[in-house]
Amino acid sequence: MGQQVADYVLERLREWGIERVYGYPGDGINGMLGAFDRAKGRPEFIQTRHEEMAAFMACAHAKFTGEVGVCTATSGPGAIHLLNGLYDAKLDHQPVVAIIGQQKRLSQGSHYQQEVALENLFADVSEFVQICMDPGQMRHIIDRAFKTALTTRGVATIIIPEDVQESDAVPSPPKEHGAVYSSVGWSRPRMLPDPEELRKAADILNEGKKVAMLIGQGAADAEAEVIEVAELLGAGIAKALLGREVVPDDLPFVTGPIGLLGSKASDEMIMNCDVLFMIGSSFPYAEWLPDEGSCKGVEIDIDGRMIGIRYPMDAHVVGDAKETLTELIPLLKRKKDRSWREKIEENVRAWNTVMDKRAAQSFGGKINPQAVAHELSPLLPDGAILTADSGSATNWWARHIKLRDGMKASLSGTLATMGPGVPYAIAARFAYPDRPVICFVGDGAFQMNGMNEMLTVKRYADRLAGSPPLVFCVFNNQDLNQVTWEQRAMGGDPKYPGSQTIPDFPYAKFAELAGLKGIYCDEPKKVTDAWKQALSSDRPVVLEFVVDNEIPPIPPHIMSDQAKKTVKAGFKDPQKFGIAERGFRQKLTDLYESLPGRKH
């Protein structure tokens, strides 16, 4: 049998450097499945439990490696399932290529089984979407999909009808009118700043006495430059969640996360600065940024569409963060007055003390969820990769985990969807088999789809097991906790058990059924030992902590409207006594540390 189009697709993927494709089978991609079999693992087909998980894994691969992530699904429902994971990639600017099956060309337009208008369906999520109607198109469609995904840092979608997949391959189209000839290859451009705008930015930064830096994932390749700028300007560095790994948390002037999940040190710095310097971040929450007109603004972003749309900026510097900072540094003057920096470092020490005290509190013999993250932090192995799902556990992951140099961390930032924590961790382990991987996931997200992916871990246990550890840390509180707190603070409503309470389940025992290691902990004094046991395991671990669901994720500053709504909700809340006690004692740590004369 000669080479089919499906075989050619995989051959072209190999040329683009693709080693694995995440997906789930269906007859709409039968041709592709046969080709994967014949390809003998080059590239490898990784079978997930659901197409959404495949898209999340492709997104995670892109986030952790900088390479293109690839996923595949059958026509109709399989393709539809990809969308959430692909939107995660789109909104977090990650290069992902999706390869999707479609009904035969002959049947299209006949309201055939599983016939969906895929070009329309994927038009919004994709920077490029194209159906292959002739085998001669396949070469340039694949090449353009990869070039587009890399150039736009977005999603490209290739749709291949069943009969095209099984047609004879046409590696080179006939040389005639309408034919195009493409090649494998792409290079990252140098995005250099406008010299005049850069000079303007330098003047503003040099004039400022209290500079606050806010960095995001766009600064990922500029760690040394970001730190040097902070040192010159006597500035502190706050981090959006997608920028967590850019600079380590053990630097004394790194204030940590910003926003609702952020630190008091970040909040104090941002709200009291006279220059806000944003680098590679589209942090969108105005309530956590300075009041308009209270300070000047400088921003560096590689995407001119995003420059100056989060805060009114005085210098709009479009360019690559590393290239731009390299050219900016010689224009900056080292600030002699270090009082602003000293205040920032004092606030960081105070915040760390608050975190210590909050994590140490326990109520009624229940595990404080903050302690789960807090006690892990000093135990983290070098080079660890950390993922988080969306939920209240994300608060503790953001605030209490201190990243060291060389660690990686990510989550669904802009989409903030439930479900990616587990598949992110699996993809990270496939990409980096020699690095520790730790996932934080709430029981809600774990029940939604994470539990099923433990079967994926079981299937590939020979690849995912062994040392270093792969740990899925499940916060068992039988509550969709983040939304519960949002109901109280934003809606003024008490917890509604009908929507918020979820069934208890023995997650650690489930892991054992799947051939993994299960560890169960419901005692505060055993949290550290549970982590040590998990981190020393030679099998993938589900580490289940039964945690207190009444610990409030207190924001850095409490807004009056939200405070009023929370109090209103509390009068009728079924957990009113517990949340009142815990909230008071947690907030008391802030007040104590802010007393005059306190030393840190």
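Trainee: What makes the charged end of Arg 435 count as sitting over the ring of Tyr 432?

Mentor: The charged end of Arg 435 is 5.3 Å from the ring centre of Tyr 432, and a charge sits over a ring if NZ of Lys or CZ of Arg is within 6 Å of the ring centre and within 35 degrees of the ring normal. Arg 341 likewise lies over the face of Phe 253, at 4.0 Å from the ring centre. This is a predicted model, in which local features need pLDDT of at least 70 and side-chain atom pairs count only at pLDDT 80 or more, while totals for chains, interfaces and linings use all residues. Residues are numbered from 1 along each chain as its sequence is written, and side-chain values use heavy atoms, with hydrogens and water left out.

Trainee: Why is the pair of Phe 505 and Phe 510 called edge-to-face?

Mentor: Rings of Phe, Tyr and Trp (its six-membered ring) pair if their centres lie within 6.5 Å, and planes under 30 degrees apart count as stacked, over 60 as edge-to-face and the rest as tilted. Phe 505 and Phe 510 lie 6.0 Å apart, centre to centre, with 65° between the planes, so the pair is edge-to-face by that definition.

Trainee: How do you know whether Phe 505 and Phe 510 are buried or partly exposed?

Mentor: Buried means under 20% relative accessible area, exposed over 50%, and partly exposed in between (1.4 Å probe, protein chains only). Phe 505 has 32% relative accessibility and therefore counts as partly exposed, whereas Phe 510, at 19%, counts as buried.

Trainee: Which residues form one aromatic cluster?

Mentor: Phe 440, Phe 475, Trp 531 and Phe 545 form that cluster.
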